[in-house]
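The sequence and coordinates are shown first, and the description follows.

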Amino acid sequence: MHTPQTDGRLLKGELRRQELIEATLRVVAREGVAGVSHRAVAREANQPATAAAYYFKSIDDLLTAALTACMDQDAGRMRRLAEEADGSPEGLTALAELLADVMAGPARLLAEYELYLLAARRPELRASTGRWLDAIAGCAHRYTTDPVRVRVFKGVVDGLLLQGLLTDTPPDAAEFEAVLRHVLL
């Protein structure tokens with residue numbers, strides 16, 4: 001029986017591409033979307049100056065890939081939490097702890113929100129933000145079928161994270177949990 005072999009060049013190319021996406025998030029966190037250039041991202045990723053332009057034809061392609069990657073990661077984490085949640089308060093404790101962990105290292109969250117808001121101007125980017133919002137709704141559906149409460153929950157999660165970026169003392173897990181319980185239980 002023949003086992004397909006992985007082409008090392010393809011694997012290396014995908015690794016470089018992922019490094020460039022992560023570098024893009026670091027540049028956005030530090031300098032905002034306006035600071036993103038092929039050269040700046042390649043330098044941040046410790047790759048040749050032409051690397052980002054090779055893998056991403058335009059800055060829009062690079063920003064789209066970064067937004068898609070982080071929204072898919074976040075949606076995946078939220079879906080896993082929803083799958084584990086049984087509608088009990090313990091599920092909200094796990095979610096509150098996740099939100100507090102996200103706030104503990106706010107640089108990436110700041111980059112994500114900069115890119116997230118870019119989707120408000122660019123409808124073609126909304127598919128990835130929609131997956132994030134659907135994942136939040138999926139978590140809420142473990143606790144309620146009321147569409148208004150689900151919508152409130154989505155707004156509360158986004159709002160708490162965004163507000164956490166705007167203060168010197170972001171909410172901790174206990175504060176997140178108190179709000180989540182109020183909304184869903």
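## Nonpolar core

Leu95 and Phe153 touch the most other members of the largest nonpolar core, which has 59 residues; such a core is a set of buried Ala, Val, Leu, Ile, Met, Phe, Trp, Tyr and Cys residues joined through side-chain atoms within 4.5 Å. At least two residues of this core come from each of the helices H1 (8-31), H2 (38-44), H4 (59-84), H5 (89-104), H6 (106-121), H7 (126-141), H8 (147-165) and H9 (173-184), and H4 gives the most, with 12 residues. Helices (H or I, at least four residues) and strands (E, at least two) are DSSP runs, numbered from the N terminus.

Phe153, leaving aside neighbours within four places in sequence, is in contact (heavy atoms within 4.5 Å) with Leu95, Ile136, Cys139, Ala140, Leu180, Val183 and Leu184.

## Basis of the model

The model is predicted, with local features needing pLDDT of at least 70 and side-chain atom pairs counting only at pLDDT 80 or more, whereas totals for chains, interfaces and linings use all residues. Residues are numbered from 1 along each chain as its sequence is written, and side-chain values use heavy atoms, with hydrogens and water left out.

The structure holds 1 cavity of 30 Å³ or more, where a cavity is a set of points, on a 1 Å grid over the protein atoms alone, at which a 1.4 Å probe fits but cannot get out. About 150 Å³ of space lies in the largest cavity, a volume being the space filled by probe spheres set on grid points that are joined across faces, edges and corners.

Its lining comprises 14 residues (each with an atom within 4 Å of a point), and Asp74, Leu109, Glu112, Trp132 and Leu161 lie nearest the centre. H4, H5, H6 and H8 are the elements that give two or more residues to this lining, which divides into 10 nonpolar, no polar and 4 charged residues. Here Asp, Glu, Lys and Arg count as charged, Ala, Val, Leu, Ile, Met, Phe, Trp, Tyr, Cys and Pro as nonpolar, and the others, Gly among them, as polar.

Glu112, in helix H6, is buried at a relative accessible area of 6%; buried means under 20%, exposed over 50% and partly exposed in between (1.4 Å probe, protein chains only). Not counting residues up to four places away in sequence, Glu112 touches Cys70, Met71 and Asp74.

Asn46, by contrast, counts as exposed at 72% relative accessibility. Asn46 lies in the loop between H2 and helix H3 (51-55) and has a positive phi of about 55 degrees although it is not a glycine.

Conventions
On a 1 Å grid over the protein atoms alone, a cavity is a set of points where a 1.4 Å probe fits but cannot get out, and a pocket is an open set with protein on both sides within 12 Å along at least five of seven lines; lining residues have an atom within 4 Å of a point.
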